[in-house]
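Here is a friendly briefing to keep beside the model as you look through it. Please have the sequence and the 3D view open.

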Amino acid sequence: MAEAGEFSYHSAMRLDADTEAGGVSFSLEAELYPLEAVQGAAHAFADRARVLLAEEDGVLELTLEPLKPLDEPGLRRLAGEFLNEALSHCLRARQLAENG
């Protein structure tokens, strides 16, 4: 179990933190993370990172480029916080659909 402030992600998810390039890249299944939820998270992160997004064959490819330099743990934390935000957008959308 992750300790407070740490980020744990599913081991099957590819997450590449590159301090030289200054970004972190990962892939998400569009079925689990609808495009609208990821776009909402990207908007919420506009003051922290540039979010590059591509979609192909049901997979969302994302790269987060922080506006301020981060070390590798910082890049991984940024990705975890972005995923938490995307999950929050998924939950909100589901609640809206259920409650009209």
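Two strands count as paired if DSSP finds at least two bridges between them. With six bridges, strand 2 and strand 4 meet that definition, and they run antiparallel. Keep in mind that this is a predicted model.

**Strand 2 and its partners**
- Four residues lie between strand 1 and strand 2 in their hairpin, where Gly22 adopts a positive phi near 75°.
- Six of the seven residues in strand 2 are buried, so the rest of the structure largely encloses this strand.

**Helix 1 and its two sides**
- Helix 1 covers residues 35-44, and its buried residues include Ala37, Val38, Gly40 and Ala41.
- Viewed down the helix axis, the buried residues of helix 1 fall within an arc of 155°, so they line one face.
- Glu36 and His43 are exposed on the other side of helix 1.
- What do the buried residues of helix 1 pack against? Their neighbours are strand 2 (23-29), strand 3 (49-56), strand 4 (59-66) and helix 2 (72-99).

**Gly74 in helix 2**
- Gly74 sits in helix 2.
- The relative accessibility of Gly74 is 5%, so it counts as buried, the cut-off being under 20%.
- Gly74 and Ala17 are 57 residues apart along the chain, yet their C-alpha atoms are separated by 9.1 Å.

Methods:
Residues numbered from 1 in each chain as written. Predicted model: local features only at pLDDT ≥ 70, side-chain atom pairs only at ≥ 80, totals over all residues. Heavy atoms only, no water. Buried < 20%, exposed > 50% of the residue type's maximum accessible area, 1.4 Å probe, protein only. Arc of directions from axis to C-beta. Contact = heavy atoms within 4.5 Å.
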